[in-house]
Amino acid sequence: MAEPTPALPDRLIAHLDMDAFYASVELLRYPELKGLPVVVGGRRAHTPRELPDGTRQFFKLADYTGRGVVTTSTYAARDLGVFSAMGLMKAALRAPQAILLPADFDSYRHYSRLFKAAVREIAPVIEDRGIDEIYIDLTDVPGARDAVGHDPLGGVRAVAREIKNSVQSATGLTCSIGVTPNKLLSKIASELDKPDGLTVITMADLPTRIWPLPVRRINGIGPKAGAKLDGLDIHTIGELAAAPQELLLQHFGPGYSVWLHQAAWGLDDRPVVTHSEPVSISRETTFERDLHAKRDRPELSRIFTALCEQLASDLQRKGYLGRTIGIKLRFEGFRTVTRDLTLEEPVQDAASIRHAAGLCLKRVDLSQRLRLLGVRVGKLSRPGEVEPPRRGRAAATAEDASPARPKPENLPLFN
Ligand code: DCP
Ligand code: MG
């Protein structure tokens, strides 16, 4: 076995991101769509129809009407200018011939579990960052620090390649991996060679590989900070690295300006965190047309109940109870309102969630029409977990919360 090479960084951190994830899962089911522009984002009504001759009939983007957005698109669709979060009708102008498919989140969660399990067999130190991305600490993976020939990074390259192969054989899907000394750089690196990419970067590559990139590639520089930096004539990460610290301090304050400078120099010592608990779990839906609390009451009530039921099943599947129940309403004109209340005891059943959410709803003026409705459960705990004792307050923190057990058959919804 080769000796550890001194040229290697202290840590070898990978970021793995699945390629066109939802769309690629759909292609496993409909292989005849390979290479075509495909957009995920339709409703169930857009499920392809099986024809008597065994072929399938797909929906074309051109035939779509409604207010849905693109959840994701294949690379062939991206070549036509169709990207995540774009309105489907706008996307149809750019790619009328693209195939439209409904999202199937159960399936995406299934493949998410599969690819993470495949990685874990090779490298167990994994930080879950969502459905299609993870950080992996490769520092202590056997072989990762071995040189291959004259290449000190040959070992880690081989481990990353093995991870990609293993994800491919477990799922049939490709991913892109960036390997660098830290999470910040790896997140940037995994995007540099997408799809099916593998990019290994050390601090020595900073000037050539990282500094030419726009500042927005840094995870943590959002639209606001990006626009502000633009205004200061700082466009690339290299320009940010060269910016006088006083200038940054003046415009971004003491904390963020130091972080900006360090990020531009590729510095980040955050560990890979293997255990994390969600803060809250939510479900929401945007209506096909704006609904009115009175005139569309039956439909709204049905949607409201369905959201609570989905949320209860999410909680049960993930093994959580929650004590804070919240709602989110978006009105025509995009005004968004949230309300929540905290219950005496944590719950995870649909009736309790619906009851509490119904109480929250009573605190909202419903004279305007609604375009979105969401339900959220927070203050999560595991069953049997002992909560810290709370001081002698009334039943619930919200003034209109009821300590009584909910009666599912008599719920105050959109009254
Ligand atoms: N997603 C979403 N809404 C968005 C962006 C993404 O619901 N605005 C979903 C669909 C994606 C998945 O999350 O398939 C992963 O997001 P990514 O940003 O990683 O996008 P993709 O995996 O689709 O493409 P890429 O190959 O660029 O990673
Ligand atoms: Mg992805």
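In which sense do β5 and strand β7 pair, and over how many bridges? The tour below reaches the answer after a view of the whole chain.

This is a predicted model, in which local features need pLDDT of at least 70 and side-chain atom pairs count only at pLDDT 80 or more, while totals for chains, interfaces and linings use all residues. Residues are numbered from 1 along each chain as its sequence is written, and chains are lettered from A and ligands numbered from 1 in the order in which they are written.

Begin with the protein chain, which has twelve helices and 15 strands (DSSP runs numbered from the N terminus: H or I of at least four residues for helices, E of at least two for strands).

Next, select β5 (59-60) and β7 (99-102). They pair in the antiparallel sense over two bridges; strands pair if DSSP finds at least two bridges between them. Phe59 stands opposite Leu100 in β7.

Then select ligand 1. Of the 14 residues around it, Phe21, Tyr22, Thr72, Ser84 and Asp132 come nearest (a residue is near if its C-beta atom, placed from the backbone, lies within 6 Å). β1 (13-18) and α1 (21-29) are the elements that give two or more residues to this shell.

Finally, colour domain 1 (13-18 + 107-208) and domain 2 (23-103), whose bounds come from an automatic or database domain assignment. Ligand 1 lies between these domains because both give residues to its shell.
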